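Hi,

Here is the structure you asked about. My notes follow below it.

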Amino acid sequence: MSSNVNIDWGKLGFSYIKTDLRYISVYKDGKWDEGKLVEDNMLYISEASTSLHYGQECFEGLKAYRTKEGKIQLFRPDENAKRMQQSCRRVLMPEIPVEKFIDACIQVAKANEAYVPPHGTGATLYLRPFMIGVGDNVGVKPASEYIFRVFCTPVGPYFKGGMAPVNFTISEYDRAAPYGTGAAKVGGNYAGSLYPHELAAGKGYADCVYLDPATHTKIEEVGAANFFGITKDNKFVTPKSPSILPSITKYSLMHIAKAYLGLEVEERDIYVDKLDELKEAGACGTAAVITPIGGIEYKGNLHVFHSETEVGPVTKKLYDTLYGIQFGDVKAPEGWIVEVK
Ligand SMILES: *Cc1c(COP(=O)(O)O)cnc(C)c1O
């Protein structure tokens, strides 16, 4: 363990900091090897790897949290493991067993313990598991060799000066096709989102909202996060569509809305011309937990939900509860927390 980690936890952003060790396991001749921690943060792969040319790749993102007792814990890593298996199936890669995935995450968090930020800073250790097709391959077909890797990097809290709403704009581009790969966390979905994001940022918005690719009438995703709203009659609503990436944060919030806040929960269509039914709205995902949505710009009009400057009360409660669970300050539902020891 590196004892001389010298990081100003309060100044951390979301960028790569090289830590001491990362995990690697190689799939060859039809099986995964045992896997090990390595120091080298570089990968050495064939120039003909399928991941480089045809995007045969998938990834995950989760965090290790420091509790006030100083312990380190992961939030629902089994869900990330299962989602990675779904992504693998969609792009014909061999699945990583759930236990192997969780063990790799624990090993990486443990080996880089010194980089897990202190409790109370809001900062965390971000873990990035991913899989790539490697080896000599030119044709469009699945690789015969794969690398499963997990690295980590300390990241700051998403909102430095406290949680604040931001505005979004509807994109005319799609992030996924109706029966495409939108529900899989595969690299290929993201290159195409860089340009729409750049356009939204250029107009002064935090990011863009994607509509359903078939009819462009319903909200699907907010950048690389899921969308939810609170209706005027106090329901937690979130879009249901086969081209949305199933966010673990979203499913956790659905449970919290119901079990902790007593709200009704609905996964259903949310029409962009019926935003009036919502009194609050937010984007959710591992990175930000919740980004409150001030307003959404559509065809020249900015539709404001609760407020452009203040976080709505339900959104705030959802955020505080989930954040509290993740950092060990609020009692978690059975099975949500895995201790790193
Ligand atoms: C990863 C991701 C999310 C959020 O998923 P979480 O499991 O909550 O982190 C949402 N949308 C897209 C497109 C994503 O890639």
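Thr249, Ser252, Leu253, Ile256 and Ala257 in helix 5 touch Leu318, Thr321, Leu322 and Ile325 in helix 6. Contact here means heavy atoms within 4.5 Å. Helices (H or I, at least four residues) are DSSP runs, numbered from the N terminus. The residues of this contact split into six nonpolar, three polar and no charged. Ala, Val, Leu, Ile, Met, Phe, Trp, Tyr, Cys and Pro count as nonpolar, Asp, Glu, Lys and Arg as charged, and the others, Gly among them, as polar.

This is a predicted model: local features need pLDDT of at least 70, side-chain atom pairs count only at pLDDT 80 or more, and totals for chains, interfaces and linings use all residues. Residues are numbered from 1 along each chain as its sequence is written, and side-chain values use heavy atoms, with hydrogens and water left out.

Now the geometry. Helix 5 (residues 248-259) and helix 6 (residues 313-326) pack at about 110 degrees, with axes 10 Å apart. Axes are lines fitted to C-alpha atoms, for helices over the stretch in contact, and angles run from 0 to 180 degrees between N-to-C directions. Helix 5 is therefore roughly perpendicular to helix 6 (65 to 115 degrees).

Helix 2 (residues 77-90) and helix 3 (residues 98-111) are a second pair: their axes come within 9 Å and cross at roughly 125 degrees.

On to the ligand. 14 residues surround it, and the closest are Lys185, Tyr190, Ser247, Thr249 and Thr286. The cut-off is a heavy atom within 4 Å. A polar side-chain atom of Tyr190 sits 2.3 Å from a ligand oxygen atom. A side-chain N or O atom of Glu221 is 2.8 Å from a ligand nitrogen atom. For Ile248, a backbone N or O atom lies 2.9 Å from a ligand oxygen atom.

Best wishes

Terms used: Helix = DSSP H or I, 4+ residues; strand = E, 2+ residues; numbered from the N terminus. Parallel < 35°, antiparallel > 145°, perpendicular 65-115°, else oblique. Polar contact = N/O pair within 3.5 Å; in protein donor to acceptor, adjacent residues only side chain to side chain.
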